[in-house]
Amino acid sequence: MISALFVEKNGPYFNRPGVDPWDITRDAKQYYGTNRVIAHPPCERWGRYWSGGPSARVRRKLGDDQGCFIWALHAVQRCTGVLEHPEGSHAFRQFGLPIPKRSGGWTDPDRYGGRSCCVAQFWYGHKARKLTWLYGVGIEFKELNCNPVPVGAGIRLDQGFHSKEHRARAIKTGACQRMSKRQRMLSPELFVELLISMVQDVIL
């Protein structure tokens, strides 16, 4: 059994044999089990736009995720598994995790045996490039497709704007291709299956 922590309700981890999904209604910070885990902790306060951007009405604090990332990290290090976060996540540096290279490949292990890598979910079916950092402990460190996404392929999720007017113009002219929040957040089926296989296919 694999416990999938901090996942979207009725997302790709639901209704899968051998997977126990923990969405917001279950509160993954209450997970004290021993199953291997796949963790997708919230990333809003750890990414490039952790402050909320120029149109934010409320002042944000870097890393203010109510302890979700550190809980997910401890679960991975305690139970073995893999954690997923956006490329460039400030949380990796905050908690001393290996920083992967964009060119691909797994890093050398840390003191927990954990290794990191960078991968583009575009190659696994996401409509966006969605560059992603993975951190795994006690998993099968499979070779991943880390090739650069061709210019013009994939929607950028990290598109920044100087103002609300700048954003509006980009949307109106088609320069910015919009996706719903759920579309941006959900991992494609092939990527989910890859993570599950990395956790399951471990030679003990």
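Buried means under 20% relative accessible area, with exposed over 50% and partly exposed in between (1.4 Å probe, protein chains only). Helices here are DSSP runs of H or I with at least four residues, strands are runs of E with at least two, and both are numbered from the N terminus.

Before going on, note that this is a predicted model, where local features need pLDDT of at least 70, side-chain atom pairs count only at pLDDT 80 or more, and totals for chains, interfaces and linings use all residues. Residues are numbered from 1 along each chain as its sequence is written, and side-chain values use heavy atoms, leaving out hydrogens and water.

Now show the whole of α1, residues 68–79. Its 12 residues reach 16 Å from first C-alpha to last, close to the 16 Å expected at 1.5 Å a residue (the expected span is 1.5 Å times one less than the number of residues).

While you're on cysteines, click Cys-68, which counts as buried because its relative accessibility is 10%. Then try Cys-117, also buried, at 1%.

Next stop, β1. Ile-2 and Ala-4 on one side and Ser-3 and Leu-5 on the other are all buried, so both faces of this strand are covered. Select β2 (residues 19–22) and you'll see it run parallel to β1, joined by 4 bridges; two strands pair if DSSP finds at least two bridges between them. Ile-2 stands opposite Val-19 there. β3 also runs parallel to β1, again with 4 bridges.

Finish by zooming in on Ser-3, in β1 (residues 2–5). Is Ser-3 buried or exposed? Buried, because its relative accessibility is 0%. Its bridge partner in β3 is Val-37. Leaving aside residues up to four places away in sequence, Ser-3 touches Asp-20, Trp-22, Tyr-31, Asn-35, Arg-36, Val-37 and Ile-38. Pick out Tyr-31 from that group: a polar contact of 3.4 Å joins its side chain to that of Ser-3. (A polar contact is a pair of N or O atoms within 3.5 Å; within protein, one must be able to donate a hydrogen and the other to accept it, and residues adjacent in sequence count only if both atoms are side-chain atoms.)

Notes
Contact means heavy atoms within 4.5 Å.
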